[in-house]
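Hi everyone, thanks for coming.

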Amino acid sequence: MSPSREGPEAAAVPGTGRIPCDLVIRNASSLCLVPPGKQAAAGVPDLGVISRGALAARRGQVVWAGPDSEASAVLVPEAGCESIDASGCTVTPGLIDAHAHLPFHGSRAGEFSLRLKGVSYLEILKAGGGIMSTVRATSQASDEVLLEGGLSTLDRMLRSGVTTVETKSGYGLSADGELRLLRLMRKMGEVSPVETVSTFLGAHAVPPEYKGKPELYVEVVLEEMLPAVKQLGLAEFCDIFCEPGVFDIDQSRQVLMRAKELGLAAKIHADEMSWSGGAELAAEVGAVSADHLLFASERGLRAMGEAGTTAVLLPVTVLSLLGDAVDVRHCRDQARLVRQAGVKVAVGTDYNPGTAPSSSVQLAMSLACRIFGLSVEEALAAATHGAACALGRGDRLGSLLPGYQADAAGFEATGYEDIPYRLDGVQVRFVVKRGKVVFRSR
Ligand code: NIG
Ligand code: FE
């Protein structure tokens, strides 16, 4: 592969063949371009690694990548061009979290303790705890507190190499509560250097006033919430927790179809704790992603492959639900099915106070290898270009080929293997978002 030939010519200074740039990263021990392609089939995806690599960007886009030894001859730094010395660093596309529930308020440590005593996640939810306890805590928190909490999470993520995060509502569960969270999500995206992608998850749980009558709550989602979300332009995606005892397959179909009619793209929490046909439904409605999939059928997974639906694996949730809804051997076998089904694979944190109290994409990558059996290459591809595909942005995020958005992270590591290898996270030296340095550790 010759990344330096893939488009920068268009930006060359006339008559010189040299490429102007306003940001240059020099001397990376290892530069991983992550060229888009099928990374799904079990095996080793080509990460497009260049040792002693250099990368140049202009106006927020990558314009050149290649060996550092060629950079001086090829590039023409413009006045004020920012230069980063990446010696000792592994540079990758900025990490992308394809699935996070944010913002919310409160801790669920008490529930954690109960679950250790044998009470299941779904039993706690049924008894009015779980998601509902976070809904209560969130409704009591002020906008300022929620915003501050959300921004501090995004900041923590940025410092660990993350440049894009999907954020889901779902702790409002009323029209006002959901719209409030979606507005706060928009604000978070305006304030933070991290790019946020908004998902409406009004159908996250059935609130107590609709207990035993989920169809009436679904009516509110369909008739009140979705049209308002659309009219106010507050979300790009619509998601639903499709799970026996929460929302069934017909209700999920209704919500996602209505969302699509209104122009929102579909996502689905599918087959997380048991099979209910979520993967099949994802394919049927042309969902951009189906997430969890721990009990998805082979048929459903293959249908997703044909429909171009990305599979989002959420290993932190598996760790958290061990001994409750899932076991490791099953998850590993299931991940094999996912990887053999011809789907694009993404990894996310599922950051939430119930099943995934960790916002670390690096940890998610690490656990994706250890629990799901992904190779280190698959894990990096899944947390970059795979995640970009899960957000419908595979054509502009998640890769450092010329033409892609210049979002990059420099890890204090001599190779990309270190990132999933470590369980406590690799130090990040710098983060670049849209061609600008947004974090430097020194
Ligand atoms: O992805 N399953 C539904 N939603 C989250 C959990 C949210 C919560 O427990 O607060 C999940 O696991
Ligand atoms: Fe989730």
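Some housekeeping. This is a predicted model, where local features need pLDDT of at least 70 and side-chain atom pairs count only at pLDDT 80 or more, while totals for chains, interfaces and linings use all residues. Residues are numbered from 1 along each chain as its sequence is written, chains are lettered from A and ligands numbered from 1 in the order in which they are written, and side-chain values use heavy atoms, with hydrogens and water left out.

Back to those rings. Rings of Phe, Tyr and Trp (its six-membered ring) pair if their centres lie within 6.5 Å; planes under 30 degrees apart are stacked, over 60 edge-to-face, and the rest tilted. Searching the whole structure turns up four aromatic pairs. In one of them, Phe-104 and Tyr-171 sit edge-to-face, 6.0 Å centre to centre with 70° between the planes. Phe-104 is in the loop between E6 and H2, and Tyr-171 in the loop between strand E7 (162–168) and helix H6 (175–191), so this pair ties together parts 67 residues apart in sequence. When I say helix or strand, I mean DSSP runs numbered from the N terminus: helices are H or I with at least four residues, strands are E with at least two.

Phe-104 also pairs with Tyr-351, this time tilted, at 5.4 Å centre to centre and 50° between the planes. Tyr-351 lies in the loop between E13 and H13, so here the tied parts are 247 residues apart in sequence.

Now the metal. What coordinates the iron ion (ligand 2)? His-99 (NE2), His-101 (NE2), His-269 (NE2) and Asp-350 (OD) do, at 2.1 to 2.2 Å. Donors here are N, O and S atoms within 2.8 Å of the metal (3.2 Å for Na, K and Ca), and water is not among the atoms, so sites may look incomplete. Along the chain, the donor spacing reads H-x1-H-x167-H-x80-D. His-99 is buried at a relative accessible area of 0%, and Asp-350 is buried too, at 1%.

Next, the sheet. Two strands pair if DSSP finds at least two bridges between them. Eight strands make an open, parallel sheet in the order E6-E7-E8-E9-E10-E11-E12-E13. E6 and E13 are at the edges with a single partner strand each, so one side of each has no neighbour in the sheet. Elsewhere, E15 and E16 form a hairpin with two residues between them, and Arg-434 in the turn has a positive phi of about 45°. Four bridges join these antiparallel strands, and Val-431 stands opposite Phe-439 in E16.

Last, charges. A salt bridge is a side-chain nitrogen of Lys or Arg within 4 Å of a carboxyl oxygen of Asp or Glu, and the count comes to 24. One joins Arg-115 and Asp-324 at 3.6 Å, N to O. Arg-115 is in helix H2 and Asp-324 in the loop between helix H11 (315–321) and helix H12 (328–340), so parts 209 residues apart in sequence are tied together.

How values were computed
Buried < 20%, exposed > 50% of the residue type's maximum accessible area, 1.4 Å probe, protein only.
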